[in-house]
Amino acid sequence: MSLALAHAAAAPAQSTQVFILPAGTTTLPDAAAGDLVAAARQYVNAALADEQKLVHLNHFSHHHYFVVLADKPTSAQVAEQLRRAGHTLHAQLKAEKVAEVFIQNLSATPNAALLLAEGLALTAYQFEGYKTDEKSLKAPALKTVYLVNGQTSVAKIHELANLLAGVQLARDLVNAPLNKLNAVQFAERMAQAGDEAGYTTDILDLAKIEALRMGGLLAVNLGSPEPPTFSILEYKPEGAKNEKPYVLVGKGVVFDTGGLSLKPTPNSMDMMKCDMAGGAAVAGTLYALAKNQVPLHVIGLVPATDNRPGGLAYAPGDVITMHSGLTVEVRNTDAEGRLLLADALSFAKRYEPELVIDLATLTGAAVRALGTEASASMGTAEPATLQKLAEAGHAVHERLVEFPLWDEYADHIKSDIADINNLGKGEAGHISAAKFLERFAVGYPWIHLDIAGPAYLTAPESYRGKGGTGVGVRLLYEFLTKQLA
């Protein structure tokens, strides 16, 4: 992490401190007053009485900040307010060039300090990028956030730091441009992360992909001068609690021109380095699980290529045979992500999984339906499983909205010359895309997440920042670790 999280038994004298106060606090409690002079106490009490949620005292040599919890009806809403308070606090710490800060939780919310630190750390993320000027290369002043004793254990701080490192990995991968991260480099970066964290990676090259007859992945890759990859990430610790593995499938289109069905550039193709955000989320989740030694057997599958119109590029009207044996009529080469995912979903059956979850920046329809505030979910898993995933989404504020997969939507992908077509109709495009995937997710429970909206932001938004958000990592980590309960 660019911002380190650590434990401290106590805050040193004249250090910058943040006190988290209970909702409705109007008078500074003694535990937060310390050796404040009367005028300082009076200033803070007046601000609290005025219902200010973040109060700042500048002592010149150090600072005091007071964060008041929001009075919200649910714990998930309180948690999100704390993350957003962390974002607001970060701006003030940055302006004051604070190097380290000590957080003390004086509220009855046990994990309040962790949540505030989470918002701080996610806001502090900066993509290293490729600028060469001295100002851009200068490291930020804020280096360390200490959580002071109280309700937060060293183990919980360590767990959060590793989870956020997984988010950072996903963000870094999404933010890298094609000429720095083609399909082979993407696979290699995931393998390097596995070596560091403790999961294994098997990278299938073109010859192996051809031997497996992954017609969808091969078709999309036809127009590219660079080969595809199919990465198998596996974390299988001793003493894993699940007999059958959880399988995560991530779309890995490292750049999408739309192929022969070429995308327009403004506000479309120019952002398509993010089209592998699903694969990045899978890597980030495996990284966090392995670093925290979570006792679960989890497998990640990431088919990767770019989608270009050159050479022998596949064309509208082509019919391709998939890994499963089904035939697909190509009606639009920009509906390529589902072709990669379909091969991976078919391949996943060999693991006899407990559950398969796929993540993909799949459709503009999901963005039009939900904006950047949520992802679309659909699937064949039991309603209770879908509900648990939705609850995980609320807990980490990576929310899901479930859409139907009614039988009637199968009509949207009918073809006159093949088993199915890859486009669907103009309406309900996110649902017809999921209906396409459903034909390949056979023999196991399955959930599809269309993360096209929140995966990449073109303008800064609180602690999610700008660019790759790493969406899916905290969601899947929360959901999977809850399976141990």
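Mentor: We shall discuss a set of recorded positions and then aromatic rings. This is a predicted model, in which local features need pLDDT of at least 70 and side-chain atom pairs count only at pLDDT 80 or more, while totals for chains, interfaces and linings use all residues. Residues are numbered from 1 along each chain as its sequence is written, and side-chain values use heavy atoms, leaving out hydrogens and water.

Trainee: Which residues does UniProt list for "binding site"?

Mentor: The UniProt entry is unreviewed, and its annotations may be inferred rather than shown by experiment. The listed positions spread over 86 residues of sequence, yet cluster in space, with a largest C-alpha distance of 11.6 Å.

Trainee: Is glutamate 336 buried or exposed?

Mentor: Relative accessible area decides this: under 20% is buried, over 50% exposed, and in between partly exposed (1.4 Å probe, protein chains only). Glutamate 336 has a value of 0%, so the residue is buried.

Trainee: Which side chain does lysine 251 join by a polar contact of 3.0 Å?

Mentor: Lysine 251 also counts as buried, at 2% relative accessibility. A polar contact is a pair of N or O atoms within 3.5 Å; within protein, one must be able to donate a hydrogen and the other to accept it, and residues adjacent in sequence count only if both atoms are side-chain atoms. The partner of lysine 251 is aspartate 275.

Trainee: How far from the ring centre of tyrosine 130 is the charged end of lysine 180?

Mentor: A charge sits over a ring if NZ of Lys or CZ of Arg is within 6 Å of the ring centre and within 35 degrees of the ring normal. Lysine 180 sits over the ring of tyrosine 130 in this way, and the distance is 5.4 Å.
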